[in-house]
Amino acid sequence: MKYYVTQLNDKGNIAVDDTLLVKGAVTSAGSRILDGFKPLFSAEAVERLESKGYSVSGKTHVGEFGLDLVGEFSYYSEKEDELKGAAAELVANGDVKAALGVDINGAPRRAAAMSGVKFLKTTYGTVSRYGVISTAASGETVGVYGKDTDSIKEVVSVIAGHDDKDGTSLRHDSYEYKNDLDITSMKVCIIKDLVNKADDAVKAEINAFVDSLKADGVTVDEIDCNLFEIANTAWQILMTAETCNNVSRYDGVKYGHRAKEYRNIDELYVNSRTEGFNFLTKAVILYGSDVLSKNRYKDCYDKSLRVRRVVAEGIEKILADYDAILTPVCSSAKYEAYDINEAFVKVFDESVFTATANLTGIPALACGKVQLIGKAFAESTLLSLAKSVERKGE
Amino acid sequence: MNMKYEIVIGLETHVELNTNSKIFCSCGGHSSPKEPNDCVCPACSGMPGMLPVMNKRVVELAVTAGLMLNCNINKYTTFDKKNYYYPDLPCAYQITQLNHPICTDGCVTLKTSEGARDIRIKQIHMEEDAGKLVHGGNSSFVDFNRTSVPLIEIVTQPDFRSAEEVVTYLNKLKSMFISGGISECEEGAMRCDVNISVRPEGSEEFGVRTEIKNMASFEAIERAIKYESQRHIDAIEFETEELVQETRRFDDVSGKTFAMRNKETEADYRYFPDANLMPIIIDDEWLEEIKAAKPEAIDEKAEQYRLAGISDKEIDMLMSNHKISSLLDDTIALGCNAKDTAAWILTDCAGILRKDGKTFNDLAVTAEKLAAIIKMVDEGKINRNIGKKILIAVVESDVDPIAYCKENGFDKKVDASAVESVIDGVIANNPQAIADYKAGKTKALMALFGACMKELKGAADPAVIKELLENKVKSL
């Protein structure tokens, strides 16, 4: 049970993060506030996989609401010295073919980096969010963990597609994913500032990846770009505000954890939520309430919405010249255990690599510690570039 | 001091829309379920993983209401979340519209004792209703049947100057919305917040404003305005108290208003855009479709009825019940006379329903069946009495009028000679009645008439029978 909150089928080939609903299986998103919650329906992505004959092996541990680095702050999992993500480890061990995760603030991508596997954060609106325990609705997406691009391609092809049950689901012409596009004339740019933030081990992995691309004829340039820092600040504001709002429904009244001691409705709320949320979620709620408050809304939330557009346009400009942007996924090759009181700032800082894709809805593929970011719907480009590097390892 | 004061009132009116399903899920809409939490799904009870999906009909009804109130229909409209904790609000936020409401800048003209008055409509927005709390014993219970039932909120400018104007406006909205099929406007389906202030007559500046929340009866609204405006005047005139901007509630029993919360303690609702609902774009094509389906304005419709010879009293009845006004319209469309059809519905159907202790809302007659009966009468196939008999069978057991008429032999033509021979037979068999009549007991004739009617099974025109009978008896 090291990786699973609930194991459902030991022959199952797909693990599902505990932020996605599986009908009848306790789903708590790593939080005590949802203790014992049994959903009445499965997430659309899970339904689609099951209807194609895949079976769910179990629910994997996630950090509370997927807000931490890689899953270190779950109410249900044991503490480890070296931080790893449960689903990513299962995939790395070959226990499952692939796993589903929800990328809110980069946790699954970082988990893939720590375990040396891949995670594809899909274009916003291509995989239904129906059945996702929602926190940051405007940027969270369902994605796929896999050991290689073949398995990711296979699974994402099943789960992507329009869904009437999700009002943000797009109607795209085709949901066909490939990992064998001709990459020889492709161009990739490296964001210098971001690489400089990474330690030597991460840099070494990036260099090896770049060398491999170059050997296959890909043009690789280094560029300066200050958008990632700005994007991160904007996303932390939007993400905390939306999360604060979305978790406000967990009040101890209807389901999940209810405090034993209370004398009135206010105490029922306060005591249940005090006991039910961890320190990181509380920090996110406080930060999110603040940026939405009357006096701060214009300078924080509203401004972040405008920054989102500026960043999207800036990235679009870069991606007009390049097929993909290359960055590290994380600042260090290893995450050590740390105190939850430091989590908010730590996650904020580390998300500088991942937040742009959440903020603007574009796809990102973590290949170990290397990240490829592409235009909306350009998953096939990212998978094909990654495949070329993969092939050398075979 | 002997200053005159002007009362300034603005209204926020919440109206429950007449849709088949809730605003963001497929649960049943306004039709009230019988048991608590009968009409609830994971979406409207705020379970994790659910997403709101917009009910298109809500947009169409809101646009229709906007057209009726002469508003601009905004082509781009979005939803916002309003945050507050209350156990009857399962998500701890309400989905409503703040930044881009669907309709803005309308106007409605009222007929008042002092002539026509224009009330400007600031905006109409769509939102979801909350559930309700039921308190019993030591516990409180939550009923989510009403959560996510679609509402429109109609916000006026501060253009009312009296309680009477407010009630006139509300009655007009009610008739408009009922006849337009926008809302049934039943008890509790129309709720008002009243913003009120007073100022010396002639002054341009507004006084201190108070808001009286959540009143459902027009009578309570009228009393609340009268009480509250007098309280303001007394406070200014006699310095009885210091007026502060605050929210108040009206107590129906004492007829007074009481402070709930003031401006300083007012909640910050932390409104922000709802990322789960994409902006709604109302393009020209869709707007034209809604316009084409929009019922005529209530004033035009009433005028049409009036021209057709329907009485004012009947028009009032028709205007307050969408079901019967559309039955009338549909029956007229099938070629029946308006005035005559109105009588069939408002007199004959009403009588049958009343006898069974029912109301127009229980009426299940289709326009096709009603038109069939009226046409048989018009064409002289049957007389009106037979028509009424058939109508009873249609109302009570939903029979097919034409088949029912045939089965009972109502359509057999009864010629004058047949009627005469029946009358002759009745006279011959009732010598005592004839004698009584001759002796001056005019009532005896009624007995003979009854006997004739019974024998003819109502198949002949009663007026004709009566005339023939009377002439025959007199000439004896």
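**Exercise 1. At what angle do the axes of helix 7 (residues 322-333) of chain B and helix 8 of chain B cross, and within what distance do they come?** Then classify the pair and describe the contact.

*Solution.* The model is a predicted one.

Step 1. The two axes cross at roughly 140° and come within 10 Å.

Step 2. Angles over 145 degrees count as roughly antiparallel, and 65 to 115 as roughly perpendicular. Helix 7 of chain B and helix 8 of chain B are therefore oblique to each other.

Step 3. The hand of this crossing is right-handed.

Step 4. Helix 7 of chain B contributes Ile324(B), Leu327(B), Leu328(B), Thr331(B) and Ile332(B). They meet Ala338(B), Thr341(B), Ala342(B), Ile345(B) and Leu346(B) of helix 8 of chain B. By class, the contact residues are eight nonpolar, two polar and no charged.

**Exercise 2. Describe how helix 8 (residues 338-355) of chain B packs on helix 10 (residues 384-397) of chain B.**

*Solution.* Step 1. The packing angle is about 55°, and the axes lie 10 Å apart. That makes helix 8 of chain B oblique to helix 10 of chain B.

Step 1. The crossing is right-handed.

Step 2. On the helix 8 side of chain B, the contact includes Asp340(B), Trp344(B), Asp348(B) and Ile352(B). On the helix 10 side of chain B, it includes Arg384(B), Lys388(B), Leu391(B) and Glu396(B). The contact residues divide into eight nonpolar, one polar and six charged.

**Exercise 3. How many residues does the largest nonpolar core have, and which have the most contacts inside it?**

*Solution.* Step 1. This core has 140 residues. Phe65(A), Leu100(A) and Leu326(A) have the most contacts inside it.

Step 1. Helix 7 (residues 227-246) of chain A supplies the largest share, 10 residues.

Step 2. As background, nonpolar side chains tend to be buried together in soluble globular proteins.

Conventions: Residues numbered from 1 in each chain as written. Chains lettered and ligands numbered in written order. Predicted model: local features only at pLDDT ≥ 70, side-chain atom pairs only at ≥ 80, totals over all residues. Heavy atoms only, no water. Axes fitted to C-alpha atoms, helices over the stretch in contact; angles between N-to-C directions. Helix = DSSP H or I, 4+ residues; strand = E, 2+ residues; numbered from the N terminus. Parallel < 35°, antiparallel > 145°, perpendicular 65-115°, else oblique. Left-handed = near helix turned anticlockwise from the far one by under 90°. Contact = heavy atoms within 4.5 Å. Nonpolar A, V, L, I, M, F, W, Y, C, P; charged D, E, K, R; others polar. Core = buried A, V, L, I, M, F, W, Y, C linked by side-chain atoms within 4.5 Å. Buried < 20%, exposed > 50% of the residue type's maximum accessible area, 1.4 Å probe, protein only.
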